[in-house]
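Have the structure open while you read.

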Amino acid sequence: LIFIGAMVGRLICGFLCPFGLIQDLLNKIPFPKKIRTFKGDKLLRKLKYVIFAVFVILLPLFLVDIMGQGAPYFCKLICPAGTLEGGLPLVLLNKSMRSALGWLYIWKNVILVITIILSIMIYRPFCKWLCPLGAFYALFNRVSLLQMKVDEHKCVSCGKCAKVCKMDVDVTKTPNHTECIRCGMCVNACPTGAVSFRYGFGDGKQYTNTIKENTEETT
């Protein structure tokens, strides 16, 4: 995880996460008023760091069984992705497991339903507020080899990059913000080519046209 974070930062969230794809598709469902941000959103986004520290590190470290082993408490108690992609299929395909269902299964399905509803109204609520893996990768955004770069000489301050960013990041002010999932929408939206991906030490190699083509195909 450290190696991947050092290489690409949160690019994983933007291009490889299956639950991120599911949230993207849910957000395409028409809704009278999509919510971009709200009061307390920035504070709520810090929750994923608390979850990462408590449920991924501290609880498995100190709350152990008789053998001295901790449990994956985030997966066990919270993760809606695990419920949708693992829990539901297991229960549907295995009759013997249905008799063992209890309050924990109901609780996790409640979290899943809430996440699905929120995903229709808000872009990637799980990624923004809950995902500990996203929190971990976010720590590497500013130091990874893959970086967002803004050419100040080309930038005309039109604001199009900030407008298209669904993670509510202004790339011209904070190119490698922890919330940036490096989806490339800002690169595609920039009319002057001021925003680009750079890879490597120093200025690195520029990847503008490639990202634009991939983003256009995805869109």
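A disulfide would need the two sulfur atoms within 2.5 Å. Keep in mind that this is a predicted model. Searching the whole structure turns up zero disulfides. Cys186 is in no disulfide either, its nearest cysteine sulfur being the one in Cys180, 6.1 Å away.

Are these two cysteines buried or exposed? Cys165 is buried, at a relative accessible area of 14%, and Cys186 is buried as well, at 11%. Buried here means under 20% relative accessible area.

## A salt-bridge network

Now for the charges. The count comes to five salt bridges. Which residues are linked in a network of them? Asp41, Arg45, Lys48 and Glu179 are.

| Pair | N to O distance |
|---|---|
| Asp41 and Arg45 | 3.0 Å |
| Glu179 and Arg45 | 3.2 Å |
| Glu179 and Lys48 | 2.6 Å |

Glu179 has a hand in two of these, bridging to Arg45 and to Lys48. Where do the partners sit along the chain? Glu179 is in the loop between α12 (160-164) and α13 (185-189), while Arg45 is in the loop between α4 (41-44) and α5, so this pair ties together parts that are 134 residues apart in sequence. Lys48 belongs to helix α5, so its bridge to Glu179 ties together parts that are 131 residues apart in sequence.

## A nonpolar patch on the surface

Ile35, Phe38, Leu44, Leu47 and Val50 form a nonpolar patch on the surface, and together they have about 350 Å² of accessible area. Take Leu47, which is found in helix α5 (residues 47-62). Leu47 is partly exposed, with a relative accessible area of 34%.

In soluble globular proteins, nonpolar side chains tend to be buried together. How many residues does the largest nonpolar core have here? It has 18, and those with the most contacts inside it are Phe136, Met148, Val171, Cys186, Val187, Val195 and Phe197. So what gives two or more residues to this core? The elements are the helices α11 (132-138) and α13, plus the strands β1 (146-150) and β2 (195-199). The top contributor is α11, with three residues.

Leaving aside neighbours within four places in sequence, Val171 is in contact with Met148, Val150, Cys161, Cys186 and Val195. So Cys186, although in no disulfide, is one of the residues with the most contacts inside the largest core.

Apart from this core lies another one, made up of 12 residues, including Phe74, Ile122, Phe126 and Leu130.

Conventions:
Residues numbered from 1 in each chain as written. Predicted model: local features only at pLDDT ≥ 70, side-chain atom pairs only at ≥ 80, totals over all residues. Heavy atoms only, no water. Buried < 20%, exposed > 50% of the residue type's maximum accessible area, 1.4 Å probe, protein only. Patch = residues over 30% accessible without salt bridge, like charges linked within 9 Å, V, L, I, M, F, W, Y side chains within 5 Å. Areas by Shrake-Rupley, 256 points an atom, 1.4 Å probe, with all protein chains shown as cover. Salt bridge = Lys/Arg side-chain N within 4 Å of Asp/Glu carboxyl O. Helix = DSSP H or I, 4+ residues; strand = E, 2+ residues; numbered from the N terminus. Core = buried A, V, L, I, M, F, W, Y, C linked by side-chain atoms within 4.5 Å. Contact = heavy atoms within 4.5 Å.
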